[in-house]
Amino acid sequence: MNPETDFRDGLDKLAADYKDILQTLGEDPEREGLLKTPMRVAKAMQILTRGYFQDPHKVLTDALFEEKYDQMVIVKDIDVFSLCEHHMLPFYGKCHVAYIPNGKITGLSKIARVVDIYSHRLQVQERLTQQIKDCIQDTLKPQGVMVVIEAKHMCMQMRGVEKQNSITTTSDYSGVFNSLNTRMEFMSLLRGESKRI
C-alpha cells in the first residue's frame, strides 16, 4: 500500500468533518481557496497516522539475518516527524538508535522504518522513544538497545510559552546499555568523538 496514493476507509467522512471544523472556526468552506481543503487535510491526516496500520515487528523480521557480530550497531540522525497527541501539532527532529546484536541482525533501513511507523501515530516523545526501544528489544532480542530522540515541538513554538529554540531530548535503554560505560560509548559516537572514516 502506498500511503501517498492509497487511502483508508473513512476518508470522505474525515473530509466532511474537516469541512464542519472550517465552518465552526468562522471560515467559508465554499470559497475558492478552501473548496478542496477538507479532502486535502483528510488525506494528509491519513498519511500522518499511517503507522497505526503498519507492523513494526514484521518490518524487522522480514530482514532478519544470523550474524556473529557482537559490537555496537548505530543508526543515527533518523528524521522524525510526528504529531503531538495533546494539540495535534507537529514535533520533529532526529532519532538515534543503537543495539548490540546477540546472534541476529536486521537490515539497517529497517531500524529507520520502525522509527517511521511509530512516529506516524499520535504521540508523545517519551512514549515514542520507549516504543522504538521495546520493538527492537522484543523482536531482535539483542544484548541491549538504546534510543535517543532530540526534537522541537510546535506546541511550544506556536502556542503556550512560544519558545522557539528549545529542544527536548529523551532516551531509553535496555540490557547492556544499563552500563554507564556502554551508554557513554554510544553518546561519544553520536557526538563524533570516534575516529572518522
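Select helices H1 and H2 first, where the crossing is right-handed, a crossing being right-handed if the near helix is turned clockwise from the far one by less than a right angle, and left-handed if anticlockwise. H1 covers residues 11–24 and H2 residues 37–48, and their axes come within 8 Å and cross at roughly 125°; the axes are lines fitted to C-alpha atoms, for helices over the stretch in contact, and the angles run from 0 to 180 degrees between N-to-C directions. H1 and H2 are therefore oblique to each other, since angles under 35 degrees count as roughly parallel, over 145 as roughly antiparallel, 65 to 115 as roughly perpendicular and the rest as oblique. Helices (H or I, at least four residues) and strands (E, at least two) are DSSP runs, numbered from the N terminus.

This is a predicted model, in which local features need pLDDT of at least 70 and side-chain atom pairs count only at pLDDT 80 or more, while totals for chains, interfaces and linings use all residues. Residues are numbered from 1 along each chain as its sequence is written, and side-chain values use heavy atoms, with hydrogens and water left out.

On H1 the contact (heavy atoms within 4.5 Å) is made by Leu 11, Asp 12, Leu 14, Ala 15, Tyr 18, Lys 19 and Leu 22, and on H2 by Thr 37, Pro 38, Met 39, Val 41, Ala 42, Lys 43, Met 45 and Gln 46. By class, the residues of this contact are 10 nonpolar, two polar and three charged; Ala, Val, Leu, Ile, Met, Phe, Trp, Tyr, Cys and Pro count as nonpolar, Asp, Glu, Lys and Arg as charged, and the others, Gly among them, as polar.

Stay on H2 and select Gln 46. At 6% relative accessibility, Gln 46 counts as buried, where buried means under 20% relative accessible area, exposed over 50%, and partly exposed in between (1.4 Å probe, protein chains only). Leaving aside neighbours within four places in sequence, Gln 46 is in contact with Phe 7, Arg 8, Asp 9, Gly 10, Leu 11 and Leu 14.

The C-alpha trace spans about 60 × 40 × 30 Å along its principal axes, and 40% of the 197 residues count as buried.

Then select Cys 95, Val 97, Ile 111, Ile 132 and Ile 136, the residues with the most contacts inside the largest nonpolar core, which has 24 residues. A nonpolar core is a set of buried Ala, Val, Leu, Ile, Met, Phe, Trp, Tyr and Cys residues joined through side-chain atoms within 4.5 Å. The elements giving two or more residues to this core are strand E2 (73–84), strand E3 (90–100), helix H4 (108–119), helix H5 (125–140) and strand E6 (144–153). Apart from this core lies another, of eight residues, among them Ala 98, Met 146, Phe 186 and Leu 190. Returning to Ile 111, and not counting residues up to four places away in sequence, one finds that Ile 111 touches Leu 60, Val 75, Ile 78, Val 97, Tyr 99, Thr 106 and Ile 136.

With H4 and H5 selected together, follow their axes, which come within 10 Å and cross at roughly 135°; H4 and H5 are therefore oblique to each other. H4 passes H5 in a right-handed crossing, and the contact is made by Ile 111, Val 114, Val 115, Tyr 118 and Ser 119 of H4 and Leu 128, Gln 131, Ile 132, Cys 135 and Ile 136 of H5. This contact has eight nonpolar, two polar and no charged residues.

Helix H7 (residues 180–190) comes next, with Thr 182, Arg 183, Phe 186, Ser 188 and Leu 190 buried. The buried residues of H7 pack against E2, E3, E6 and strand E7 (168–173), and H7 is followed by Gly 192, whose phi is positive, near 80°.

Finish with two backbone positions. Most residues other than glycine have a negative phi. Asp 77, in strand E2, has a positive phi near 60° and is partly exposed, with a relative accessible area of 45%. Met 88, in the loop between E2 and E3, has a positive phi near 55° and is partly exposed, with a relative accessible area of 41%.
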